[in-house]
Amino acid sequence: NTAGSGPDISIRRGRGTPAAPLDILNGDDLGGYAFYGYLGGSFIHVGGIDVTAGTPAAGQIPASLLFATNNGTAVGERMRITAAGNVGIGTGVPSEILTLNVPGGDRYPTNISSFEGILLDNLGAEKTHGILSRTNFTPSGEAAILFRTNDFKAREIGFFTSDTTTDGAIAERMTIDSLGN
């Protein structure tokens, strides 16, 4: 090929028949790849990648790219990239450029003891991003670092740990403000 491009694999889908195709509709599966592993005399579905159509308009078909895996119980969607480019991990409806589904269903936890993992989202009026470490998924043994900003200006960093001598409540132990104090 002298044009400088490599070979492509195309998957084309329309409603109707090959001889008389009809327009795609919102929610139509446009194609994908399914992965199987052989176990105990049969092939087991272990994951896949699919493309799903959005609502066609103005000669275009927006689409979402879905990634599924088998968690040992069933195959389910684990990550999605929407037509807008938003990425959702653990959610099929990411509303931000990156949306992580927080365990327990809290997308915007109101207190840090309800959150596990890495939070890259807002918590109320202040913009708070942070990292939380939880041991054995119990309040005791927690530690967190939160980066709080206001109007996209660095404001402060808060360091939190749990109190293992009383009720295990997590509390801020040190703060570094925007002046370094």
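Six strands, in the order β3-β4-β5-β6-β7-β8, form an open sheet of mixed pairing in this predicted model, where strands are DSSP runs of E of at least two residues, numbered from the N terminus, and two strands pair if DSSP finds at least two bridges between them. The edges of the sheet are β3 (29-39) and β8 (98-100), each of which pairs on one side only. From one strand to the next the twist averages 20 degrees, the axes being lines fitted to C-alpha atoms and the angles running from 0 to 180 degrees between N-to-C directions. Residues are numbered from 1 along each chain as its sequence is written. Local features need pLDDT of at least 70 and side-chain atom pairs count only at pLDDT 80 or more, while totals for chains, interfaces and linings use all residues; side-chain values use heavy atoms, with hydrogens and water left out.

β3 and β4 form a hairpin with two residues between them, and Gly-40 in the turn has a positive phi of about 60 degrees. Antiparallel pairing is also found between β5 (residues 63-70) and β6 (residues 75-81), over six bridges, with Glu-77 in β6 as the bridge partner of Ala-68.

A search of the whole structure finds one aromatic pair. The ring centres of Tyr-38 and Phe-43 lie 4.9 Å apart with the planes at 70 degrees, so the pair is edge-to-face (centres within 6.5 Å; planes under 30 degrees apart count as stacked, over 60 as edge-to-face and the rest as tilted).

Key: Helix = DSSP H or I, 4+ residues; strand = E, 2+ residues; numbered from the N terminus. Phe/Tyr/Trp six-rings, centres within 6.5 Å; stacked < 30°, edge-to-face > 60°.
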